[in-house]
Every structure is written in C-alpha cells, then in structure tokens.
Amino acid sequence: MLYGARSNGNEHGLVLTKPEVVNFMLDRVNYKEENNLKDLVVIEPSAGDGAFVIPIIERLLQSSKRYDFDFQNALKNIIAFEIDSELANSLETRINNFLVERGFNKVLHIVKNEDFLLSECSTADLYIGNPPYVRHEKIPLNQKREYKKRFRTFNKRADLFIPFYEKCLRNLSSNGLVSFICSNRWLKSQYGYSLRELIKLNFNLHEIIDLEKASPFQEEVIAYPAITTIGKKSHKSPNNYYSISDIDNLSLIDSTVVPERKLEVSNTANWFQSEVIETKYLKHFDTIQNQGFKIGIGVASGADKIFISKSFKGEIEEELLLPILTSKDIRNNTFSWSGSYILNPYNDQGGLIDLKKFPKAKQYLEQNKTQLSQRHVAKKQPQNWYKTIDRIHPTLRHKEKIILPDISGNTHIFIDTGNYYPHHNLYYISGGKRKNDLKVLASILMSDMVKNQLYELGNKMNGGYPRWQSQNLKKLLIPIIDSIPIRDRAALISAYDNKDLIDINHIITQFDYDAFKITAGQLKLLEPETKYKTASQ
C-alpha cells in the first residue's frame, strides 16, 4: 500500500502489516480454514506486496482440503487490486511461486493492475486490507477530480482511504464485511463526516480496535491506525470501541480485553459523545463564542522564510515590523519570544503598501520577487506579488489574547498581554467583559473537563495530548463565565497565576452549580453575600 510520511523520511512507500495483525483480522471476520470458504468472494483493494492476499490463499487452500472442493476453481473468488505496475507484477510472481511450490501448475491471474477506485468491481463478501493513506494535497489533481465525481464521501480535505471505504461498502454483499486497518483520523475529523453519515444510514459498525499506541506495521510510520469492521444494516452490531496498546493483546479481545466504550453511531457529528457534563447542569454552560469571545488563527504568509526574520531590525522600515509569536516560542510550559519579526506589507486601510515609500522594504522584497511571484496567492493577482496569504491587522498585536499552539504538549496556557502578532500555527482567543476574564477562561481550558471534551471532539496526538483546533474550540461547552460566583472566579485566577493545574481541576470539579444564577434568560453574578460552596472552603 502507499502510505503517508514514514520514519525513514520518505513521503510514500510500501508499508507491510505485521503477519500477526493480518491473521487476527482474518480470524475476526471468520475467514478461517476450518470454515467452508469455497464460495466467498474476497477482494483486497490495495494489495501492495500481498500482506493479506497470500494468507487468504493459504487459508482457502487448507479449507479446500478439509471440505474437498476444487481449490483452483475457488481461486477465481480471490481478487487483489494494485495500482503500481511494478508491485502488481512482483505480487503476481509471488503468488505463482507460492502455488507452484504447493504443486499447482495452472495458475490464475489474481492480481489486477488497476486503480481500484476507478475499476469495475463486482459484489464481494469480504473487502479486507490496508488501503492507501495519502493526504488530500498529495493526490494528483486529475485523480482528485474524478474521485469527487464518483464518491460523495470524498469531500473537504479527505484522505485517499475515504473513497476506498465508500466503494467497498457500496459493493458489499448482503452478509458481507469490510475490514480495514488504516488511519483513525476520519472517526472525529470534519472530512470523515460524510463517511460516518453513510455508515449511520446504511450500514452497521461492528467494531473499531484502536492501535494508535501499538505497532501493527513492520516499520515505524507516523500513523494513527485502527482496525475497523463494518457490515450491512441488516446485521445487529454492538459498535464496540477497543483501545490496544500492544498487538499481543489482540488475542485477548472477548476474554480479558473488554470494550472501552460503545460508540454513538447515531450521532454523526460525534461518535465518541458521552456525558462529560451532567445534563441537569447544561443550562449553566455555553460555547466560548456565545459568551462574547473571539476565536481566531494567526497569519499565514505563504513564504515565512522571506516575511519572517530575526534580522529585520535596521534592514526594514520600523513601522512595517511586527514581533511575531510562533509555536516554537511556547514549548515545555515556557513562553519565550525568539525575537522574530514579520514584515507587514499592508497599510492602515488594509491595502498593500506603496513600495516607493519604503525603499528598504522595496529593495528586500524585489530581491525575493521571483520566489514570491511563484506562490499561488501571487499568481491569482500578479500585481500584488508581495502580499501575504492572510491580511495582517496590526491592532491584533495589542489585544490581550489567550495563545493556543495547534499541537502542543504544554499543560499551561499562556496569555499574551498585547505584545505579539500570532503566527498561523497558533490559535488565539480574545475578548471578555471584565478584567481577568481571559485568565478565568484559560483556567477552564486547562481543566480535565475541557481535555475530556477535546478527546471526544478531536484526535489525540502521539503522547496522548489533544489538539487545539478552531473547529473543536467552537464546539466546547464551558461554564458561563458571567455566572461563576465571584469567590470561584478569584480562586481560578489565583490558581492560573500560580500555574496550579491540580487546584484548577479541584475548583472546577467542586463547582456548586446551584449557586450559578440565571434570571429571565439573563445571566447575573451572584451578590457577594450569597452562600455557596467553593473549592477553598
């Protein structure tokens, strides 16, 4: 199969699934030699080196001996697709050698050197394998256009394995199964929404076995694999979700390894939904934006090596420089600006500056004109060849804002008091009705209550920490800050200043929501003399 980024630095390549994982998957879908496999049609849609098809043939052979049927005739029911001609020829040779060694001279052509997604494909009882994981931007444009015509789940920024699921599901026999080991990103991402909806409406999710913490491949790859098995709607299924840290534990499923949870497949938006917040208290929660805060993302320049530098001071006109904050400045729970500036090519009215008025910037940008003109944003408007992808609004620099690196292992959340402009790998939250509202919000965002929501809304990165992404930040439900009693607000602010995560969690878990007040739909702070419980009491 063709996979994404690999540990050896290559962009794509052949990655083999470990034999013990292959055998487990075949056992799990009941493709076992002790069963009569004579009439079962099996398709491996992206065969690669034959990690699945060779064991499938071996099991069919053993089944033919047990049930006394014509093995070579039954081989017609096994089909392996491989788009790469070199791999396809190599696999065909490997299959032939396998069969000749077992005394079969007449060999059928099992491997089809075709793009499975564009091929004529018959109904099958089992689709199994490791479909290609190729990121949306790496798929050739002509293929991407054709796939979008054929597969309604292939939208937004869907990875290539998404249409593999759809085609297999739509060509599944009445009692058939699809079982893939591939990325689990679609389970929570926006690009997986259409596939989740298709499954909810027409199919049954049997189980998902998350192998994110395990090593199911024969080399280390940057991936988030899971074994997903799906059948027709007519079959009852438990929607079980397992999380396995070691592939040796696969054999313990159904015995000592029990499901971590049942997925809420009826909720397309979030299969992992659970009652993080007790229903009776939901009236005291709302989204961040509904509480008057703004969620944004920093600037994308399209050419950071040109627009961002630590050497601009004295080289570029001072009024065009903004100190820029990047994710590298917020690491290991420390906030330390590296000294980089971004060259702002926009005037106060939002248009591009007149380079004639800024000779230093003009000379510098024209030295880099060739490279800047090659960017997509510049080709659309050649006269604006020195613009950044995103417009820069200098007033943002001076706003107090929570800074959230997209991918971060930090446990503390930092607030920029109005000194820096954020880079595009940083999300920010600004606003608040009173002093220290951002500290209260930052404390809440650091809590386990929010972390658990993020785990359900989005994907965990390696290391087990969640990603800060705009789409998930906008869905978070947090206590309504206006209605938090004054004493609890003060306790959260103090815990934030002390970077005391334990105290923050204690305060939030001990909230007395009966002390939160909602009157005539309007939220009001409690009067100071009102009695309520706090973490400090």
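On a 1 Å grid over the protein atoms alone, a cavity is a set of points where a 1.4 Å probe fits but cannot get out, and lining residues have an atom within 4 Å of a point. Grid points are joined across faces, edges and corners, and a volume is the space filled by probe spheres set on the points.

The model is predicted: local features need pLDDT of at least 70, side-chain atom pairs count only at pLDDT 80 or more, and totals for chains, interfaces and linings use all residues. Residues are numbered from 1 along each chain as its sequence is written, and side-chain values use heavy atoms, without hydrogens and water.

**Exercise 1. Describe the second largest cavity.**

Step 1. The count is 2 cavities of 30 Å³ or more.
Step 2. The second largest cavity has a volume of about 30 Å³.
Step 3. Its lining consists of Leu 187, Lys 188, Ala 269, Asn 270, Trp 271, Phe 272, Glu 456 and Leu 457.
Step 4. Ala, Val, Leu, Ile, Met, Phe, Trp, Tyr, Cys and Pro count as nonpolar, Asp, Glu, Lys and Arg as charged, and the others, Gly among them, as polar. The lining then divides into 5 nonpolar, 1 polar and 2 charged residues.

**Exercise 2. State how helix 12 meets helix 15.**

Step 1. Axes are lines fitted to C-alpha atoms, for helices over the stretch in contact, and angles run from 0 to 180 degrees between N-to-C directions.
Step 2. Helix 12 (residues 437-445) and helix 15 (residues 486-497) pack at about 75°, their axes 9 Å apart.
Step 3. Helix 12 is therefore roughly perpendicular to helix 15 (65 to 115 degrees).
Step 4. Contact means heavy atoms within 4.5 Å. Residues making it include Val 440 and Ile 444 of helix 12, and Leu 492 and Tyr 496 of helix 15.
Step 5. The contact residues divide into 6 nonpolar, 1 polar and 4 charged.

Definitions and conventions
Helices (H or I, at least four residues) and strands (E, at least two) are DSSP runs, numbered from the N terminus. Angles under 35 degrees count as roughly parallel, over 145 as roughly antiparallel, 65 to 115 as roughly perpendicular and the rest as oblique. On a 1 Å grid over the protein atoms alone, a cavity is a set of points where a 1.4 Å probe fits but cannot get out, and a pocket is an open set with protein on both sides within 12 Å along at least five of seven lines; lining residues have an atom within 4 Å of a point.
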